[in-house]
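Biologist: Can you take me through this model? I would like the cut-offs along with the numbers.
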Amino acid sequence: MAINQRLAKKKPAARASSSDEAASNSPPADEKALTGRTPDGTAFAVPKTRDMLQSLFNPFTPKTTFDLFTLLVLSTHLLVFVAFPLATKRMVLIASFAFWRLCYNGGLGWILNWQSSRHGLVALFKRNGWLDASRGGNVYVWLKAELEAKMGPDYSFE
């Protein structure tokens, strides 16, 4: 109720000024280049990413290791749905859903917390040299190939 009262008390918006009209003629936000900042303040253009469904199901899009793993899991679910009796498929698919949801929520939550509180991912990559061509070895080559396959033409691994 309090929210409705606050909304009702809001004044109508003022007429747009000429500067507002000029801003409305600019390209939409999705066409503008996003700029990110590193912890030391260095600015960089945020590269565009591909749509996940497009990258998974378009046969002409290069597949990464994670795409292939996702397709394998989805195929397994389809096989369970077709091959097993109703009671079994219900239990298997419910257990599968619970497992993947817990992995996603718990795992992603833990990783994001670790990164924000301790800069854990950055420290891990620096410690192991995974983003350094001379120290990274096979992990560097694999990461580079994965990221370049996933990102658009405006992305540079270096």
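Modeller: Let me start with a term: buried means under 20% relative accessible area, exposed means over 50%, and partly exposed is in between, with a 1.4 Å probe and protein chains only. Of the 158 residues of the chain, 14% count as buried. This is a predicted model, where local features need pLDDT of at least 70 and side-chain atom pairs count only at pLDDT 80 or more, while totals for chains, interfaces and linings use all residues. Residues are numbered from 1 along each chain as its sequence is written, and side-chain values use heavy atoms, with hydrogens and water left out.

Biologist: What does the secondary structure of the chain come to?
Modeller: Seven helices and two strands. The pattern along the sequence is α-α-β-β-α-α-α-α-α. Helices (H or I, at least four residues) and strands (E, at least two) are DSSP runs, numbered from the N terminus.

Biologist: And what share of the contacts in the chain do residues 24 or more positions apart account for?
Modeller: They account for 26% of the contacts with a separation of 6 or more. Contact means heavy atoms within 4.5 Å.

Biologist: Now charges. How many salt bridges does the count come to?
Modeller: The count comes to one salt bridge, defined as a side-chain nitrogen of Lys or Arg within 4 Å of a carboxyl oxygen of Asp or Glu. Asp 67 forms a salt bridge with Lys 150, and their closest N and O atoms are 2.7 Å apart. Asp 67 lies in helix 4 and Lys 150 in helix 7 (residues 133–150), so the pair ties together parts that are 83 residues apart in sequence.

Biologist: Is Asp 67 buried or exposed?
Modeller: Asp 67 is buried, at a relative accessible area of 5%. Lys 150 is partly exposed, at 25%.

Biologist: What does Ser 55 touch?
Modeller: Leaving out residues up to four places away in sequence, Ser 55 touches Thr 61, Lys 63, Asp 67 and Lys 150. Ser 55 sits in helix 3 and is buried, with a relative accessible area of 2%. From C-alpha to C-alpha, Ser 55 and Ala 149 are 9.5 Å apart in space, although 94 residues apart in sequence.

Biologist: Aromatics next. How many aromatic pairs are there?
Modeller: Six aromatic pairs. Rings of Phe, Tyr and Trp (its six-membered ring) pair if their centres lie within 6.5 Å; planes under 30 degrees apart count as stacked, over 60 as edge-to-face and the rest as tilted. The rings of Phe 69 and Trp 100 have centres 6.0 Å apart and planes at 70°, so this pair is edge-to-face. The pair links distant parts of the chain, with Phe 69 in helix 4 (residues 65–83) and Trp 100 in helix 5, 31 residues apart. Phe 69 is partly exposed at 44% relative accessible area, and Trp 100 is partly exposed at 35%.

Biologist: What about Trp 110 and Trp 114?
Modeller: Trp 110 and Trp 114 form a stacked aromatic pair, 5.3 Å centre to centre with 10° between the planes. Both lie in helix 5, four residues apart, about one turn of the helix. Trp 110 is exposed, with a relative accessible area of 53%.

Biologist: Which residues make the nonpolar surface patch?
Modeller: Met 52, Leu 53, Phe 57 and Leu 74 make a patch of about 420 Å². Its largest share, three residues, comes from helix 3 (residues 52–57). Patches are made of residues with over 30% relative accessible area and no salt bridge, with like charges joined within 9 Å and nonpolar side chains (Val, Leu, Ile, Met, Phe, Trp, Tyr) within 5 Å. Areas come from the Shrake-Rupley method with a 1.4 Å probe, and for residues only the protein chains shown count as cover. Met 52 is exposed, with a relative accessible area of 52%.
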